[in-house]
Amino acid sequence: MMHDVLYLVVPCYKEEEVLPETARRLERKLESLISAGQISQESRILFVNDGSTDQTWNIIARLHSENKRFCGVNLTRNRGHQNALLAGLMVAKDRCDMAISMDADLQDDIDAIDEMIRQCQRGCDIVYGVRSSRKKDTFFKRFTAESFYRILNTMGAEIVFNHADYRLMSRRALEGLGQFREVNLFLRGIIPMIGYETATVEYERKERLAGESKYPLKKMLTLAAEGITSLSIKPIRFITVLGLLIFLISLVCIIYSVIQRFLGQGVDGWESIFCSIWAIGGLILLSLGTIGEYIGKIYLETKERPRFLIREILE
């Protein structure tokens with residue numbers, strides 16, 4: 001029986017506190033999978049250093065020198081989580097039969113990897129790791145996270161509910177991902193577009209080993225805006241509907257103002273201020289802001305700048 005080569009792709013940004021323990025746990029998991037005959041001896045753990053300014057890359061280099069099971073990709077500068085993850089997947093694409101992406105803090109349960117591999121070997125090209133519940137989250141965290149997924153789906157960004165970036169992808173799916181060339185990356189929305197057979201594996205999310213979360217509320221809001229504007233034109237369509245709605249409301253206000261004038265109850269200048277400054281002014285600002293967001297993305301896409309540059313690969 002020919003076993004598949006698995007690459008665990010782990011983006012890292014200032015993860016010096018958690019990296020040694022993460023490496024130890026992932027190595028133990030990989031060895032157990034190899035011993036069980038589920039994957040090949042050629043399987044590897046690939047850390048991607050996203051321009052960290054701490055000792056993250058030095059730790060990755062040391063791990064590689066001590067154990068060739070560990071590989072490393074060092075980007076020239078910080079390019080953000082999504083670009084770092086894409087860089088790791090594209091490096092792994094030509095070296096593996098399947099790749100699993102996960103965060104360095106190991107909040108995603110690595111024991112779910114076994115079932116992911118089984119689903120892949122049954123014919124699934126993409127297996128999503130999905131949180132079974134959010135009972136451990138605070139009310140605010142749970143509310144904002146669930147709202148994040150619902151808003152994205154409402155706006156046309158079709159993503160898997162309660163799924164982040166913990167997933168398995170076959171080589172065929174990775175090759176499909178490589179054909180998407182946009183600069184504004186939102187992998188949670190792009191990967192479902194690939195198609196092929198998919199499955200989900202539920203798991204319980206754990207507490208972060210150490211360090212701080214790289215996705216506070218501000219970054220979550222930025223990620224949501226990135227996902228919406230990268231994958232959907234619904235906001236522009238909403239502006240059209242909003243414009244029509246405000247136009248109808250303005251007609252009603254004008255009719256009301258004329259009636260009030262005929263009844264002798266009108267106030268000089270009130271009608272024009274009410275109908276023009278508030279309604280039309282607000283609509284114009286909203287429209288310009290939304291359209292400007294899309295124009296900015298078109299500007300970035302037309303430049304065709306590289307999404308990442310690799311300084312060094314350890315393998």
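Q: Strand S2 has two faces. Which residues lie on each side, and are they buried or exposed?
A: Start with the general idea. In a regular strand the side chains alternate between the two faces of the sheet. Now the case here, in a predicted model. Arg-44, Leu-46 and Val-48 lie on one side of S2. Ile-45, Phe-47 and Asn-49 lie on the other. All of these are buried, and both faces are covered.

Q: How many residues of S2 are buried in total?
A: S2 spans residues 44-49, and six of its six residues are buried.

Q: What joins S1 to S2, and how do the two run?
A: Look for bridges and for strand direction. Six bridges join S1 to S2. The two strands run parallel. For a specific pair, take Pro-11, which stands opposite Val-48 in S2.

Q: What is the order of the strands in the sheet?
A: The order is S7-S5-S6-S4-S1-S2-S3-S8. The sheet is open, has eight strands and shows mixed pairing. On average, neighbouring strands are turned by 20 degrees against each other, direction ignored.

Q: How many bridges join S3 to S8?
A: Four bridges join S3 (residues 70-75) to S8. This pair runs antiparallel. Asn-74 has Glu-312 in S8 as its bridge partner.

Q: Which strands does helix H4 lie across?
A: Check the contacts, then the angle. H4 (residues 113-121) lies across S1 (6-12), S4 (98-101), S5 (126-131), S6 (163-170) and S7. Its angle to S6 is about 45 degrees.

Q: Ile-117 is found in H4. Is Ile-117 buried or exposed?
A: Relative accessible area decides, with buried meaning under 20%. Ile-117 has 0%, so it counts as buried.

Q: Which residues is Ile-117 in contact with, leaving aside neighbours within four places in sequence?
A: The list is Leu-6, Leu-33, Gln-38, Ile-39, Met-98 and Leu-168. A separate value concerns Ser-170. Ile-117 and Ser-170 are 53 residues apart in sequence, yet their C-alpha atoms are 9.8 Å apart.

Q: Which strands does helix H6 lie across, and at what angle to S6 does H6 run?
A: H6 (residues 171-178) lies across S4, S5 and S6. It runs at about 115 degrees to S6.

Q: Which residues of H6 are buried, and what do they pack against?
A: An α-helix has 3.6 residues a turn, so residues three or four places apart point the same way. In H6 the buried residues are Ala-173, Leu-174, Gly-176, Leu-177 and Gly-178. They pack against helix H3 (81-93), strands S4, S5 and S6, and helix H7 (187-194).

Q: Why is H7 described as largely enclosed?
A: Count its buried residues. Six of the eight residues of H7 are buried, so the rest of the structure largely encloses it. They are Leu-187, Arg-188, Gly-189, Ile-190, Ile-191 and Ile-194.

Q: What follows H7?
A: Gly-195 does. Its phi is positive, near 90 degrees.

Q: How do the axes of H1 and H2 cross?
A: Take approach, angle and hand in turn. The axes of H1 (residues 19-35) and H2 (residues 56-66) come within 10 Å. They cross at roughly 35 degrees. The crossing is right-handed.

Q: Which residues of H1 and H2 meet?
A: From H1 come Leu-19, Pro-20 and Ala-23. From H2 come Thr-56, Ile-59, Ile-60 and Leu-63. By class, this contact has six nonpolar residues, one polar and no charged.

Q: How many disulfides does the structure hold?
A: Compare sulfur distances with the cut-off: a disulfide needs two cysteine sulfur atoms within 2.5 Å. The structure holds zero. For Cys-96, the closest cysteine sulfur is in Cys-120, 9.7 Å away, so it is too far for a bond. For Cys-124, the closest is also in Cys-120, at 7.8 Å, again too far. Cys-96 is buried at 1% relative accessibility. Cys-124 is buried at 9%.

Q: How many helices and strands does the chain have?
A: There are 10 helices and eight strands. Of the 315 residues, 47% count as buried. Now consider contacts between residues at least 6 apart in sequence. Among these, 82% join residues at least 24 apart.

Key. Residues are numbered from 1 along each chain as its sequence is written. This is a predicted model: local features need pLDDT of at least 70, side-chain atom pairs count only at pLDDT 80 or more; totals for chains, interfaces and linings use all residues. Side-chain values use heavy atoms; hydrogens and water are left out. Buried means under 20% relative accessible area, exposed over 50%, partly exposed in between (1.4 Å probe, protein chains only). Axes are lines fitted to C-alpha atoms, for helices over the stretch in contact, and angles run from 0 to 180 degrees between N-to-C directions. A crossing is left-handed if the near helix is turned anticlockwise from the far one by less than a right angle, and right-handed if clockwise. Contact means heavy atoms within 4.5 Å. Ala, Val, Leu, Ile, Met, Phe, Trp, Tyr, Cys and Pro count as nonpolar, Asp, Glu, Lys and Arg as charged, and the others, Gly among them, as polar. Two strands pair if DSSP finds at least two bridges between them.
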